[in-house]
Amino acid sequence: MKDPAREEHGERAVTDGQPEVWTGRATNRVQWLLASAGAACLALGIALAVGSMWTSGFAPLLMSVVGCIAAGLLMLFGTLAFVHVAVKIDKDFLEVRCGHLGLPRRHIPLSHVVGADFAPTVTPRQWGGWGYRWRPEKGTAVVVRRGEGVVIRLGDGHKFTVTVDDAESAVRAIRDRLRVRGTPGTSG
């Protein structure tokens, strides 16, 4: 009988009962509103460049056009990179890919992981906003929305947090792989 949770996350079962690959994602639809604002700034910059009479002088208009286009591109690409995050855990690696292009991307060998913990609530406020974040006291994180996440403890003492749906299942998948590898410290 098929497990609906495994089907939902794209897991494929292997003979020992452990899934070969665990996949999960998290999405933030609010980012699309911010991306729309970026597209509007970009469109304003283009409209200024094309439709202006250039009577007020070259420098002020050029600064307005460049400013609108630059702000629009930064908002558009900065938000689209964090509309969603995809997490993939296989027998050797954990991979985190952001946005439609998969960038930024983090590839962590499970040989560098000493443990994984479930975080019931990860918020952008805790990390200083959405996106790829670093805080000295907390480590690194990919935060695309408020909600559950996985905290990965690395062998060098650093931590990596990622928001993902069904984070408890991801933690179980990591711990199972660490147990098979014989890595100490796999309990929460």
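**Entry 1**

The phi of Asp166 is near 55 degrees, a positive value in a residue other than glycine. At 23% relative accessibility I list Asp166 as partly exposed, given that buried means under 20% relative accessible area, exposed over 50% and partly exposed in between, with a 1.4 Å probe and protein chains only.

I note the basis of these entries here: the model is predicted, local features need pLDDT of at least 70, side-chain atom pairs count only at pLDDT 80 or more, and totals for chains, interfaces and linings use all residues. Residues are numbered from 1 along each chain as its sequence is written, and side-chain values use heavy atoms, with hydrogens and water left out.

**Entry 1: the chain as a whole**

I read 5 helices and 9 strands in the chain, and from the N terminus on the elements run α-β-α-α-β-β-β-β-α-β-β-β-β-α. Of the 188 residues of the chain, 39% count as buried.

A polar atom of the Thr163 side chain lies 3.2 Å from the backbone nitrogen of Val144. Thr27 has its place in strand β1 (residues 22-27) and, at 35% relative accessibility, counts as partly exposed.

**Entry 2: how α2 packs on α3**

I looked up the pairing of helix α2 (residues 30-51) with helix α3 (residues 58-80), and they pack at an angle of about 155 degrees with their axes 7 Å apart; the axes are lines fitted to C-alpha atoms, for helices over the stretch in contact, and the angles run from 0 to 180 degrees between N-to-C directions. The two helices are therefore roughly antiparallel to each other, on a scale where angles under 35 degrees count as roughly parallel, over 145 as roughly antiparallel, 65 to 115 as roughly perpendicular and the rest as oblique. By class, the contact of α2 with α3 has 19 nonpolar, 6 polar and no charged residues, where Ala, Val, Leu, Ile, Met, Phe, Trp, Tyr, Cys and Pro count as nonpolar, Asp, Glu, Lys and Arg as charged, and the others, Gly among them, as polar.

Within helix α2 I picked out Ala35, which counts as buried at 5% relative accessibility.

**Entry 3: cysteines**

How many disulfides does a search of the whole structure find? I get 0, with a disulfide taken as a pair of cysteine sulfur atoms within 2.5 Å. For Cys68 the closest cysteine sulfur is in Cys41, at 6.1 Å, which is too far for a bond. Cys68 counts as buried at 17% relative accessibility, and Cys98 counts as buried at 0%.

Is His84 buried or exposed? I find His84 in strand β2 (residues 84-89), and this residue is buried, with a relative accessible area of 9%. A polar contact of 3.1 Å joins the side chains of His84 and Arg25; such a contact is a pair of N or O atoms within 3.5 Å, and within protein one must be able to donate a hydrogen and the other to accept it, while residues adjacent in sequence count only if both atoms are side-chain atoms.

His107, by my reading, is in strand β4 (residues 105-109) and counts as partly exposed at 44% relative accessibility. From His107 to Arg97 the C-alpha to C-alpha distance is 8.6 Å, with the two residues 10 apart in sequence.

Last, I looked up Lys91, whose place is in the loop between β2 and β3 (93-98) and which counts as exposed at 59% relative accessibility. Lys91 and Ala173 are 82 residues apart in sequence and 9.4 Å apart in space, C-alpha to C-alpha.

Terms used: Helix = DSSP H or I, 4+ residues; strand = E, 2+ residues; numbered from the N terminus.
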